[in-house]
Amino acid sequence: MSRPREFDVDRALQQSMEVFWEQGFKSTSYEDLTRMTGVKKQSLYCVFNDKRSLFLKALALYREQSVGTLKEIEAQASSPLDKLDSLRHSLLGGKSGCQGCLMVNSSLEFGTDDEQVMRENELMFEEVQQILEKIIRSGQEQQLISNHFSSKELAAYLNNTILGVRIMEKSGSSHEQIEAVLRTSFAMMLP
């Protein structure tokens, strides 16, 4: 008979995600993970198999949380412009700070060397773009957003702006610089 788990797996995964987010995969040791989670190495191994598997689960959790936040904004009973404004404010006031985005950080760390990391990044990019496209299309139908480009093109543009802002955060750009990029990018979508 196996012993019952003595720790909260979801909490340990959240805490591990935060360590990977701050330090990256390669710079994170199992000692860092056990120190943050308060869970012994063997117990983490029993649940997550190895550091790489834990990292992939952390990436999936990050994607789910990030996309969930965007879905909440999209579901608001407000105009498409108000939704985009909420998105802009969430990008400025998010908890990522100088950590940037875990997905972007992972892309920069791994490049194209890891298919599973690339797939998590692609999934997030696709899911975010679909939600942005839905908001933009609604704005175009209401003539609140420019029709010079398709909703798909504007969503790709905005998605790339968001990724760029995350790189700016990670590289130490000021809040004012980031806010200016966002303000300009969102304003360019107006008719």
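Start with helix α7, where arginine 119 and glutamate 122 sit three residues apart, about one turn of the helix. Helices here are DSSP runs of H or I with at least four residues, strands are runs of E with at least two, and both are numbered from the N terminus. The model is predicted, so local features need pLDDT of at least 70 and side-chain atom pairs count only at pLDDT 80 or more, while totals for chains, interfaces and linings use all residues. Residues are numbered from 1 along each chain as its sequence is written, and side-chain values use heavy atoms, with hydrogens and water left out.

**Stop 1: arginine 119.** Show the side chains of arginine 119 and glutamate 122: they form a salt bridge, with the closest N and O atoms 3.4 Å apart. A salt bridge is a side-chain nitrogen of Lys or Arg within 4 Å of a carboxyl oxygen of Asp or Glu. Arginine 119 is partly exposed at 38% relative accessible area, glutamate 122 is partly exposed at 35%, and glutamate 126 is partly exposed at 39%. The classes are buried for under 20% relative accessible area, exposed for over 50%, and partly exposed in between, using a 1.4 Å probe and protein chains only.

**Stop 2: arginine 63 and glutamate 127.** Select this pair next; the two side chains meet in a salt bridge of 3.2 Å, N to O. The pair links distant parts of the chain, 64 residues apart: arginine 63 belongs to helix α4 (residues 51–74) and glutamate 127 to helix α7 (residues 115–141). Arginine 63 is buried, with 11% relative accessible area, whereas glutamate 127 is partly exposed at 24%.

**Stop 3: the other charged groups.** Select Asp85, Arg88, Glu179 and Arg183, which are linked in a network of salt bridges. Over the whole structure, a search finds twelve salt bridges.

**Stop 4: the nonpolar core.** In soluble globular proteins, nonpolar side chains tend to be buried together. A nonpolar core is a set of buried Ala, Val, Leu, Ile, Met, Phe, Trp, Tyr and Cys residues joined through side-chain atoms within 4.5 Å. The largest one has 51 residues, of which Phe20, Tyr62, Leu87, Leu132 and Leu158 touch the most other members. Helix α4 supplies the largest share of this core, ten residues. Centre on leucine 158: beyond its neighbours within four places in sequence, leucine 158 is in contact (heavy atoms within 4.5 Å) with Leu84, Leu87, Leu132, Ile136, Phe186 and Met189.

**Stop 5: helix α6.** Select residues 102–110, where Leu102, Met103, Val104, Asn105, Ser106 and Phe110 are buried. The buried residues of α6 pack against α1 (9–23), α4, α7 and α8. Just after α6, glycine 111 has a positive phi of about 60°.

**Stop 6: serine 146.** Move to the loop between α7 and α8 (151–170), where serine 146 is found. Serine 146 is buried, with a relative accessible area of 6%. The side chain of serine 146 reaches the backbone nitrogen of histidine 148 at 3.0 Å. Leaving aside neighbours within four places in sequence, serine 146 is in contact with Gln140, Leu154, Met189, Leu190 and Pro191.

**Last stop: an annotated region.** Select residues 6–66, which UniProt lists as "domain: HTH tetR-type" in an unreviewed entry. UniProt positions follow the numbering used here, feature names are shortened, and annotations may be inferred rather than shown by experiment. Over residues 6–66 the chain is 77% helix and 0% strand, and the end C-alpha atoms are 29 Å apart.

Terms used. Polar contact = N/O pair within 3.5 Å; in protein donor to acceptor, adjacent residues only side chain to side chain.
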